Structure formats: structure tokens, C-alpha cells
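Me: I would like to go through the labels attached to this model one at a time. For each, please set the value against the cut-off and conclude.

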Amino acid sequence: MKLRIVMLMCVFLVSSVAFAKTKKATEAAAPVPPDYKAMMQAEYDLWSTMDSAKVAPKFASDADLIFFDITPLKYNGWAEYQKGVMKVFEPYSTMKCTVNDDVHGGRSGNMAWTAGTVNCHAQKKDGGVDDLVLRTSEIYQKRGGKWLIVHEHASVPMKE
């Protein structure tokens, strides 16, 4: 009888240790979700430099990707986006963009998305100022350990 109790206790202890190790391994393997607001702010800090070359490392450079910005209707591939957005910046001397606290995001495997609004204050070269609230959504893909933007859609609401 004592032998039976000792055997049961040993089985219980061994199974408890095995369960604990399995649980810890599963917890360690669980992906940590990205900080979505920080991802967006890092991108918009670079856009605030008004130098698309500085933003380039945040974007996938595939020629078949599509990006939507304030103007024109769309850009086909990062090269076109990078060149085109510099035309949008031409009238401005400085710009500061701040991501708001309404950011939402999600992740599935090596894909993630963000959506939120961004306040941009842009000083024009002629002395004028543009204050805009952008709506923006990004789709990221993890490539080589980095989250790269594979699609972006930025827009400004029409005036009522």
C-alpha cells in the first residue's frame, strides 16, 4: 500500500514537472505583439524629415506593391511612391507628424496591420501653415526580422 502511494506521488511529481516545462516552452514561443503606435510613430518621425530616402528602410521595395497617399490616386511600387511624395513636400520647409492615441493594430503570423489618425503640422516656404489630420492604415510583413510596410493608405477627410 505504501509502495503504491509512493509510486502515485512520483508519477504526479514527474507529470507536474513535465507540464510546467511544456507550459513555459509554449509561453516562450508565443509571439510578442508589436507596439503598433510605436511602429506608426517611427514611420511618421521619418516622414517628418521630408526625406523619402530616410523612410525607405521602413518600406518593402517590391515593384508590384500599391500605396495610397493624399495625392495622386495611387503609387505603383515604392520607387514611384518615394519619388512622388517628394513633389507633395515641395511647398513645405518643415513638417511634424504625431500619431494620435486611437491606433489599432493586429497581427497574424508574419503580417500585421495598423490604423489610426496622425496630426501633421507643416510650415510652408511662403510662410503659410497647413495643419492636417490624416487617416492612415498600414499593412506590415515581417521580412528578415524587420517589419516592412507592404501597403499604406493615407488620406485627409474632404471638407464638409
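This is a predicted model: local features need pLDDT of at least 70, side-chain atom pairs count only at pLDDT 80 or more; totals for chains, interfaces and linings use all residues.

Me: Which residues of helix 2 are called buried?
Reply: They are Y36, M39, M40, Q41, E43, Y44 and W47. The label requires under 20% relative accessible area. An α-helix has 3.6 residues a turn, so residues three or four places apart point the same way.

Me: What is the overall arrangement of helices and strands?
Reply: The protein has four helices and seven strands. In sequence order the pattern is α-α-α-β-β-α-β-β-β-β-β. Of its 160 residues, 32% are buried.

Me: What makes a set of residues a nonpolar core here, and which members touch the most others?
Reply: The members must be buried, of a nonpolar type, and joined through side-chain atoms within 4.5 Å. The largest such core has 33 residues, and Y44, W47, F59, F67, W78, Y81 and V118 touch the most other members. Two or more residues each come from helix 2, helix 4 (77-89), strand 3 (92-99), strand 5 (111-124), strand 6 (129-143) and strand 7 (146-155). In soluble globular proteins, nonpolar side chains tend to be buried together.

Me: What is F59 in contact with, beyond its neighbours within four places in sequence?
Reply: F59 is in contact with E43, W47, F67, W78, Y81, L148, I149 and E152.

Me: Why is M50 called buried?
Reply: The cut-off is under 20%, and M50 has 14% relative accessibility, so M50 counts as buried. M50 sits in the loop between helix 2 and helix 3 (52-55).

Me: What makes the backbone at M50 worth a remark?
Reply: Its phi is near 60°, a positive value in a residue other than glycine. Most residues other than glycine have a negative phi, and most peptide bonds are trans.

Me: Where is there a cis peptide bond?
Reply: The bond from T71 to P72 is cis, with omega near -10°. P72 lies in the loop between strand 1 and strand 2.

Me: Is D51 buried or partly exposed, and what is it in contact with?
Reply: D51 has a relative accessible area of 29%, so it is partly exposed. D51 is in the loop between helix 2 and helix 3. Apart from neighbours within four places in sequence, D51 is in contact with L46 and M86.

Me: Why is S108 called exposed?
Reply: The label needs over 50%, and S108 has 58% relative accessibility, so S108 counts as exposed. S108 belongs to strand 4 (residues 104-108). Its C-alpha is separated by 9.8 Å from that of Q141, which is 33 residues apart along the chain.

Me: How do you know that K37 and D101 form a salt bridge?
Reply: The limit is 4 Å between a side-chain nitrogen and a carboxyl oxygen. The closest N and O atoms of K37 and D101 are 2.4 Å apart, and the pair is a salt bridge. K37 is in helix 2 and D101 in the loop between strand 3 and strand 4, 64 residues apart. K37 is partly exposed at 32%, whereas D101 counts as exposed at 69%.

Me: How many salt bridges are there, and which are the others?
Reply: The structure holds three. D62 and R143 meet at 2.9 Å, N to O. D62 lies in the loop between helix 3 and strand 1 and R143 in strand 6, so this pair ties together parts 81 residues apart in sequence. K124 and D130 form a salt bridge with closest N and O atoms 3.8 Å apart, which is within the 4 Å limit.

Me: What makes I70, L132 and V156 a nonpolar patch?
Reply: Members need over 30% relative accessible area, and nonpolar side chains are joined within 5 Å. I70 has 42% relative accessibility, so it counts as partly exposed. Together I70, L132 and V156 have about 200 Å² of accessible area on the surface. I70 lies in the loop between strand 1 (66-68) and strand 2 (75-76).

Methods
Residues are numbered from 1 along each chain as its sequence is written. Side-chain values use heavy atoms; hydrogens and water are left out. Patches are made of residues with over 30% relative accessible area and no salt bridge: like charges are joined within 9 Å, nonpolar side chains (Val, Leu, Ile, Met, Phe, Trp, Tyr) within 5 Å. Accessible areas come from the Shrake-Rupley method with a 1.4 Å probe; for residues, only the protein chains shown count as cover. Buried means under 20% relative accessible area, exposed over 50%, partly exposed in between (1.4 Å probe, protein chains only). Contact means heavy atoms within 4.5 Å.
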